[in-house]
Amino acid sequence: MFKQILVVEKSKIITEGLISILRTHHLFQRVASADFVDACPLVLKGNNPDLVIINPELMIDNPEKLKVKHQFDSHVIMVGLISHYCHKDVIDLFDDVIYVTDQEETIINKLKNLHALRYNTMTSSNGKLTDREKEVLKLLIQGFSNKEVADKLTISPHTVITHRKNIIEKTGIRSLAGLAVYAILNNISEMDDIRN
């Protein structure tokens, strides 16, 4: 469960609908909402959220607003709330995205996965890979793309990318060949699992 969630969206209908879904699934202790990015500090009054769900359209008019993540602690999960076409470069700024057309179950699963991912990353400071990171690594070295890994594990491609970043950060290995050797040496995978 998130301690505090901030929803930044100009549409009251979308904001209230999303908050209702999150409340039904008991995903937060406190929730705040803002109509525009500049109102975030006023709404939060010094409290840092665990999760910020924000419509990227509210940041497009000013490139400095795209750095909104820097207003919060580094552990804050940033999720884009997509209602219209959004350029890939903007989508990549977020830990994940949800679409206003997503089913309730999809939204909840994405947010729960992000929460679990962030909790595991924060609590596993010893550099060991989490079980989910091992699953992702095993599929990546088998030659599956981010999308294919996401489909197999029923997570979003953005979550796969976040797992990849965490794997690289924890192992210090960037190449797929190096990660394959790491996986074999650490009994995560076997030689037969690796695609040529």
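Select helix H6 (residues 131-141) and helix H7 (residues 146-153) in this predicted model. Their axes lie 10 Å apart, and the two helices pack at an angle of about 130°. Now show the side chains. From H6, Arg132, Glu135, Val136, Leu139 and Leu140 make the contact. From H7, the partners are Asn146, Val149, Lys152 and Leu153.

On the H6 side, pick Arg132, Glu133, Val136, Leu137 and Leu140. On the H8 side, pick Val160, His163, Arg164, Asn166, Ile167 and Lys170.

Next, go to the largest nonpolar core, which has 19 residues. Select Ile5, Leu18, Leu22, Leu51, Ile53, Val79 and Leu111, the residues with the most contacts inside this core. Then colour the elements that each supply at least two of its residues: strand E1 (2-8), H1, strand E3 (51-54), strand E4 (77-82) and helix H5 (104-123).

Centre on Leu22. Which residues does Leu22 touch, leaving aside neighbours within four places in sequence? Ile5, Leu27, Phe28, Ile53, Ile108 and Leu111 are in contact with Leu22.

Finally, colour by pLDDT. The protein averages 83, and 85% of the residues score at least 70. Among the elements, helix H1 (residues 12-24) has the highest mean, 95. Helix H2 (residues 40-44) has the lowest, 75.

Note on methods. Residues are numbered from 1 along each chain as its sequence is written. This is a predicted model: local features need pLDDT of at least 70, side-chain atom pairs count only at pLDDT 80 or more; totals for chains, interfaces and linings use all residues. Side-chain values use heavy atoms; hydrogens and water are left out. pLDDT is the predictor's confidence in each residue, from 0 to 100. Helices (H or I, at least four residues) and strands (E, at least two) are DSSP runs, numbered from the N terminus. A nonpolar core is a set of buried Ala, Val, Leu, Ile, Met, Phe, Trp, Tyr and Cys residues joined through side-chain atoms within 4.5 Å. Buried means under 20% relative accessible area, exposed over 50%, partly exposed in between (1.4 Å probe, protein chains only). Contact means heavy atoms within 4.5 Å. Axes are lines fitted to C-alpha atoms, for helices over the stretch in contact, and angles run from 0 to 180 degrees between N-to-C directions.
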